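Take a look at the fold before reading on.

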Amino acid sequence: MNTSQGQSHLQHQHPNSEGRHNDDAALTDFLASLMDYTPTIPDELVEHYLAKSGFQCPDVRLTRLIAVSTQKFIADVATEALHQCKARQSAVGKDKRDKQQKDKRLILTMEDLSKVLHEYGVNVKHQEYFADSPSAGLDPASREE
């Protein structure tokens, strides 16, 4: 076996050793950057739910990594629910659409949210409820009758 064949053979045994080193360095840098980052979801809240599920870890970087992951998940769900809401409203009949053009507010429904969460593997069951008046369920002091 000549020298070039031997080097080629060694490269095939560990083809990703340089790539793995770069990945490890990037991961180390990312974890270090979490120490300086303040996530939207507070550490205490993440720690509370982790403890409720039986998980405890003194490393704040892991807590923040979970907070960032949760934040990303919520943002993805909210974005998809917005698309679902827009698609639902664009499917409304033309006469209703003309009326909605005046009122450009988008209304997120539980159906929109449930569909998106189902795509992410989260099943939401909500109890149906009926109100006999628009003020049903409000504080008696705040009712306008």
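First, some ground rules. This is a predicted model, where local features need pLDDT of at least 70, side-chain atom pairs count only at pLDDT 80 or more, and totals for chains, interfaces and linings use all residues. Residues are numbered from 1 along each chain as its sequence is written, and side-chain values use heavy atoms, with hydrogens and water left out.

**Confidence and layout**

The pLDDT (the predictor's confidence in each residue, from 0 to 100) has a mean of 78 for the chain, and 68% of the residues reach 70 or more. Among the elements, helix H3 (residues 43-52) has the highest mean pLDDT, 95, while helix H1 (residues 3-13) has the lowest, 45. Residues 1-14 have a pLDDT below 50, and beyond near neighbours in sequence this stretch has one contact in the model. Where pLDDT is low, the predicted coordinates should not be read in detail.

As for secondary structure, the chain has six helices and zero strands. Helices (H or I, at least four residues) and strands (E, at least two) are DSSP runs, numbered from the N terminus. Of the 145 residues, 13% are buried, with buried meaning under 20% relative accessible area, exposed over 50% and partly exposed in between (1.4 Å probe, protein chains only). Contact means heavy atoms within 4.5 Å. Of the contacts with a separation of 6 or more, 56% are between residues 24 or more positions apart.

**Where H3 meets H4**

H3 and helix H4 (residues 60-90) pack at an angle of about 95 degrees, and their axes are 9 Å apart. The axes are lines fitted to C-alpha atoms, for helices over the stretch in contact, with angles running from 0 to 180 degrees between N-to-C directions. Angles under 35 degrees count as roughly parallel, over 145 as roughly antiparallel, 65 to 115 as roughly perpendicular and the rest as oblique. H3 and H4 are therefore roughly perpendicular to each other. On the H3 side you'll find Asp43, Val46, Glu47 and Leu50, meeting Val60, Thr63, Arg64, Ile66 and Ala67 of H4.

Val46 is a handy one to click on in H3. Not counting residues up to four places away in sequence, Val46 touches Ile41, Thr63, Ile66 and Ala67. Val46 and Ala67 are 21 residues apart in sequence but 6.4 Å apart in space, C-alpha to C-alpha.

**H6 and what comes after**

Ser114 sits in helix H6 (residues 110-119). Leaving aside neighbours within four places in sequence, Ser114 is in contact with Val124 and His126. Asp112, Ser114, Val116 and Leu117 are the buried residues of H6, and what covers them includes H4. After H6 comes Gly121, with a positive phi near 90 degrees.

There is one aromatic pair in the structure. Phe73 and Tyr120 make up this pair, which is edge-to-face, at 5.5 Å centre to centre with 85 degrees between the planes. Rings of Phe, Tyr and Trp (its six-membered ring) pair if their centres lie within 6.5 Å; planes under 30 degrees apart count as stacked, over 60 as edge-to-face and the rest as tilted. The pair links distant parts of the chain, with Phe73 in H4 and Tyr120 in the segment after H6, 47 residues apart.

Here are the accessibilities of the residues discussed:

| Residue | Relative accessibility | Class |
|---|---|---|
| Val46 | 8% | Val46: buried |
| Ser114 | 16% | Ser114: buried |
| Phe73 | 32% | Phe73: partly exposed |
| Tyr120 | 36% | Tyr120: partly exposed |
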